[in-house]
Amino acid sequence: LLGVLVVTSCMSAGGCSPLPEVAYETERLQIAPEFDASICEGTLVGFDEHLSAVEEGLGQIGPRDPYRLYWMVDGLEDVCGEGKGGCFFPATRMMFAHGGSITHEMTHAVLDSEGESYFIEEGMAELLSGVGVYYEGFDNDEGPGERLRLSRSAYRAGHFDYDAAAHFMRYVYDRRGQYGVRRLAAEVEAGASPERIEATLEQVMGERIDEIEADYRAKSSPAYEGLGYEKTIELAVEVIDDDP
């Protein structure tokens with residue numbers, strides 16, 4: 001309902017542009033692009049495949065009703081706010097995103113959470129989007145235990161480090177795999193409190209939060225390859241020697 005009200009309000013406000021119409025329908029998506037160029041069939045198939053992979057990764061196989069994807073170019077700030085690459089409104093099945101943020105928003109759509117587990121949820125969205133992450137801010141930053149308690153106002157004001165969230169979730173994934181992600185995803189989807197998320201994290205990792213933080217700082221790699229790289233096709237390159 002909140003998402004419907006926000007979008008409706010935006011559409012009725014003088015400064016907002018009308019939302020684009022649905023131009024493509026796949027098995028899982030209704031896609032409304034804010035541009036006239038054609039979307040190739042391979043991209044459409046890839047979106048469906050990625051959405052299914054996210055559902056599998058989270059263990060959140062929900063209703064098969066299609067999601068609505070607004071693929072935005074210029075009007076994203078009218079809906080999502082300044083500086084956002086995309087957004088999802090709970091209970092609406094509607095995503096808004098620039099091209100580079102679509103796979104990220106799919107995780108939010110599958111979780112469909114109205115909770116405030118920003119650090120874990122955003123970390124999952126980055127992890128399952130397939131992108132890699134580089135992070136070295138261990139010396140002066142807050143630990144994961146503190147970041148779990150980020151307030152709604154601080155999150156909305158932009159006081160959030162996506163790289164830190166993505167890096168920590170990749171560390172969790174490397175240690176506990178899909179099982180760990182799914183356990184935490186179930187709590188995020190249920191709108192669990194920070195205390196409940198921390199308790200589940202301790203159960204998943206088999207350690208107290210201070211031990212998790214110490215191991216994370218000591219043993220995590222600064223750079224993690226994205227999960228999507230596993231699907232990158234390796235091309236054979238033929239080297240031609242021009243020397244006689």
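**The disulfide and the cores**

Cys80 and Cys87 form a disulfide, with their sulfur atoms 2.0 Å apart; the term is used for a pair of cysteine sulfur atoms within 2.5 Å. A disulfide is a covalent bond between the sulfur atoms of two cysteines. This is a predicted model, in which local features need pLDDT of at least 70 and side-chain atom pairs count only at pLDDT 80 or more, while totals for chains, interfaces and linings use all residues. Residues are numbered from 1 along each chain as its sequence is written, and side-chain values use heavy atoms, with hydrogens and water left out.

By this rule the count is one disulfide. The torsion about the S-S bond of Cys80 and Cys87 is about -70 degrees, so the disulfide is left-handed. Both cysteines, Cys80 and Cys87, are buried (under 20% relative accessible area; exposed is over 50%, partly exposed in between, with a 1.4 Å probe and protein chains only). Cys40 counts as partly exposed because its relative accessibility is 46%.

Of the 244 residues of the protein chain, 47% count as buried. The largest nonpolar core has 54 residues, a core being a set of buried Ala, Val, Leu, Ile, Met, Phe, Trp, Tyr and Cys residues joined through side-chain atoms within 4.5 Å. Leu29, Leu58, Ile120, Met124 and Phe168 have the most contacts inside this core (contact: heavy atoms within 4.5 Å). Apart from it lies another core, of eleven residues, including Ala32, Met72, Phe89 and Met94.
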